[in-house]
Amino acid sequence: MIAQKYWKVGDLAGLTGLTIRTLRYYDQIGLLNPSEYSGAGYRLYSEDDIKRLQQILALKELDTSLEEIKRILENDAYNPLDVLLIQIDRLKENIRSEQVLLKELHNVARLMQGNKDLTVENFTKLLSMMRKNHENYYANHQRKLEQTFDKLDDLLSNQKMDKEDTQ
């Protein structure tokens with residue numbers, strides 16, 4: 001028989017960067033219950049629990065509420081790959097936006113290194129891009145949240161219908 005490895009709440013907190021208090025709260029609300037308890041009453045988390053925690057954190061990164069996360073994970077039609085693909089798309093968009101700002105910063109740095117006078121136009125362009133980048137971040141963040149919720153709802157609806165069709 002293969003012995004299963006378990007992590008105590010403190011060990012899991014150390015691995016994930018979450019606080020013990022957060023993990024206890026997740027247990028209290030039924031979001032992440034430990035697989036076992038030790039004889040002394042310590043929470044013991046398995047590899048499956050850690051996989052579930054990864055999904056919780058991925059959904060949380062998409063600004064999903066804990067209540068919604070719980071509902072999504074309890075749905076039989078839930079597919080973790082869908083969440084990863086949404087995260088990848090979001091990250092690619094953030095990278096594209098940051099690359100535009102980086103290019104302009106390099107341009108200003110080249111001008112400064114060449115001891116060229118920076119015009120008000122150079123600075124206003126840079127400031128405008130920085131402001132736009134900041135605004136775009138929040139606008140994109142809001143738009144992505146709405147799209148994410150729409151995608152998650154669509155995925156869950158489609159998977160539920162597929163599951164009903166096969167029954």
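## Strand pairing

In this predicted model, W7 has Y45 of β3 as its bridge partner. Strands β1 and β3 are joined by two bridges and run in the antiparallel sense.

The pairing belongs to an open sheet of three strands, arranged in the order β1-β3-β2 with antiparallel pairing. The edge strands are β1 (7-8) and β2, each of which pairs on one side only.

## Helix α2

Helix α2 spans residues 20-28, and its buried residues are L23, Y26 and D27. These residues lie on the same side of α2, because they cover an arc of only 100 degrees around the axis. On the other side of the helix, R21 and Q28 are exposed.

The packing partners of the buried residues of α2 include both strands and helices of the model. Among the strands are β2 (36-37) and β3 (43-45); the helices are α1 (9-16), α3 (47-61) and α4 (66-74). After α2 comes G30, a residue with a positive phi near 80 degrees.

## Residue Q87 in helix α5

Q87 is located in helix α5, which comprises residues 80-113. Is this residue buried or exposed? Its relative accessibility is 16%, and buried means under 20%, so Q87 counts as buried.

When neighbours within four places in sequence are set aside, Q87 is in contact with A58, E61 and L62.

Note on methods
Residues are numbered from 1 along each chain as its sequence is written. This is a predicted model: local features need pLDDT of at least 70, side-chain atom pairs count only at pLDDT 80 or more; totals for chains, interfaces and linings use all residues. Side-chain values use heavy atoms; hydrogens and water are left out. Buried means under 20% relative accessible area, exposed over 50%, partly exposed in between (1.4 Å probe, protein chains only). Helices (H or I, at least four residues) and strands (E, at least two) are DSSP runs, numbered from the N terminus. The arc is that of the directions from the helix axis to the C-beta atoms. Contact means heavy atoms within 4.5 Å. Two strands pair if DSSP finds at least two bridges between them.
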